[in-house]
Amino acid sequence: YAALALLTTQPIQALTMSTPTAAGKAAPRIELFFSSSDELRKRLTFLKSKGVSSFNIVNKSNKDDILESVKIIQQEFQKDGEDDVVSICAHYSLKYNKSRKMD
């Protein structure tokens, strides 16, 4: 019961994986799925136009280049001399990136 009590005293923000806005409300965090850099850029353009700036990047393949995806998101939010705040949570999956060799 102590663990449950500890969890309930923590801010809701910590449990919902959201980022607070200037008004103190939780902004949505969007999980991005894409198959190419161009597709990622198109999704970011749309989401940015809707005011979304918090993203999760999933790692469902050992071919996913997570670092490159983070760089693209940063570039998209620094276009045209703007320096908009962006929140990125990059997931790394041991399941999809483990070596097939026995150590």
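Two strands pair if DSSP finds at least two bridges between them. The model shown in these views is predicted.

**View 1. Three strands form an open sheet in the order β3-β4-β5.** The pairing is parallel. β3 and β5 stand at the edges, and each has a single partner strand, so one side of each lacks a neighbour in the sheet. From one strand to the next, the twist averages 25°. Helix α3 packs on this sheet and touches β3 and β4. The direction of α3 makes about 165° with that of β3.

**View 2. Strand β3 meets β4.** β3 covers residues 30-32 and pairs with β4 over three bridges, in the parallel sense. Look for L32: its bridge partner in β4 is I57. Between the two strands, the chain passes through helix α3, residues 37-49. This β-α-β crossover is right-handed.

**View 3. Strand β4 meets β5.** β5 covers residues 87-90. Four bridges join β4 and β5, again in the parallel sense. S54 stands opposite S87 in β5.

**View 4. The side chains of β4 point two ways.** S54 and N56 point one way. F55 and I57 point the other way. All four are buried.

View 5. N59 has a relative accessible area of 5%. Buried means under 20%, so N59 counts as buried. Which residues is N59 in contact with, leaving aside its neighbours within four places in sequence? They are D64, I66, H91, Y92, S93, Y96 and N97.

Key. Residues are numbered from 1 along each chain as its sequence is written. This is a predicted model: local features need pLDDT of at least 70, side-chain atom pairs count only at pLDDT 80 or more; totals for chains, interfaces and linings use all residues. Side-chain values use heavy atoms; hydrogens and water are left out. Buried means under 20% relative accessible area, exposed over 50%, partly exposed in between (1.4 Å probe, protein chains only). Contact means heavy atoms within 4.5 Å. A crossover is right-handed if, with the strands pointing away from the viewer, the path from the first strand over the helix to the second runs clockwise. Axes are lines fitted to C-alpha atoms, for helices over the stretch in contact, and angles run from 0 to 180 degrees between N-to-C directions.
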